[in-house]
Amino acid sequence: MESNKDTIVSMENVHKKYPGFELKNITINLQKGHIVGIIGENGSGKSTIIKLIAGIINADEGKVRIFGSDVHSMGKKEKEKIGFLFSEYGFDDSYTGKEISNYMKWIYKDWDEEAFSNYLIKFGVPINKQIKKMSKGMKMKLLISCTLVHKAEILIMDEPTNALDPIIRDDILNIIVEYVEENNCTVLLTSHVTTDIEKIAGDIIFLNNGNIIYNNRKEWFQRNFGILHDNSMKGIDKEKIKIEYYMKDKNDIKYLISNKEKLCNKYPELKVKNVSLDDISLFIVKGEKYDRFVN
């Protein structure tokens, strides 16, 4: 996605190298009011991107900016506008929800104690229960409640629905959407559950082995991507098909294509299956890159 005046968070040609892994040439622009989802298997670099934006780690090369400022030179006022959610919480295990609220209101001038209590009630988290006595799902609901109650303009959320049951997960996703609509907030989230991202994100980033494979609007993928089977392509000029990836089985070859709309207009009898984000992810991870680009 190209940068413009509404860009709130930007990464420009960012590299980060670890032994055995490298995040390579990452360029991302998060727009005001957008929900952006990063899809990738474990080890693809999702959490590394989150940590770079949070300023927890430094990039080896490239620039990370929030509100136009380098992430490491932001003032307190800018930092208060950002809500971070990580699976690893930073509170003492002996803290209760009440003690966390008392602590956080000294950090964030816009901390809403009443809203925090209301979220805990909604999620069924006892405000006087110690963190160490909470289940993993309850801890995540506590962290989400912390993220949403200090009028953040940016939410950076690493696996926000992790360890939650389907009903609560759906509630969390709806609450994130409502928060964005009410506050014109920007959200970047990762999830290993692609259906969660498909439900609420408008911008989709596919990440694999430290590389951005695709970065576009969800509607672009829905309009242009599809699955073709080799045995359904008889009589079709293969040069007219833009094949991205393919997967073989014993009796057939499946192709992930990226010119579905154009192809179906030219060959209305052609049977092209619509794809989910999960389908695309599967082709990227398990399939083979098609080595010939066609116009």
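In what order do the 4 strands of the open sheet sit? They run β2-β1-β4-β5, and the pairing is antiparallel. Keep in mind that this is a predicted model. Here's a quick tour, starting with the whole protein and then going into that sheet.

**The whole protein**
- You're looking at 10 helices and 15 strands in total.
- The radius of gyration is 21 Å, close to the 19 Å the globule rule gives for 295 residues, so the protein is as compact as a globular protein of that length.
- Buried residues account for 49% of the 295.
- Take the contacts with a separation of 6 or more: 68% of them link residues 24 or more positions apart.

**Surface and charge**
- The accessible surface is about 14900 Å², and carbon and sulfur atoms hold 46% of it.
- There are 44 positive and 43 negative charges, and their mean positions lie 1 Å apart.

**The open sheet, strand by strand**
- β2 and β5 (69-70) are the edge strands; each has a single partner strand, so one side of each has no neighbour in the sheet.
- β1 (residues 7-18) and β2 (residues 21-31) run antiparallel and are joined by 8 bridges.
- β1 and β2 make a hairpin with 2 residues between them, and Gly 20 in the turn has a positive phi of about 85°.
- β1 also pairs with β4 (residues 61-66), again in the antiparallel sense, over 5 bridges.
- Here the pair to look for is His 15 and Glu 61, the latter in β4, standing opposite each other.
- β4 then connects to β5 through 2 bridges, with the two strands running antiparallel.
- Arg 65 has Asp 70 in β5 as its bridge partner.

**A look at Lys 76**
- Lys 76 belongs to helix α2, which covers residues 76-79.
- Is Lys 76 buried or exposed? Lys 76 has a relative accessible area of 56%, and the cut-off for exposed is over 50%, so Lys 76 counts as exposed.
- Lys 76 and Tyr 108 are 32 residues apart in sequence, while their C-alpha atoms are 9.4 Å apart in space.

Key:
Residues numbered from 1 in each chain as written. Predicted model: local features only at pLDDT ≥ 70, side-chain atom pairs only at ≥ 80, totals over all residues. Heavy atoms only, no water. Pairing = 2+ DSSP bridges. Rg over C-alpha atoms; globule rule 2.2 N^0.38 Å. Buried < 20%, exposed > 50% of the residue type's maximum accessible area, 1.4 Å probe, protein only. Contact = heavy atoms within 4.5 Å. Areas by Shrake-Rupley, 256 points an atom, 1.4 Å probe, with all protein chains shown as cover. Lys, Arg positive; Asp, Glu negative; His and termini not counted. Charge placed at Lys NZ, Arg CZ, Asp CG, Glu CD.
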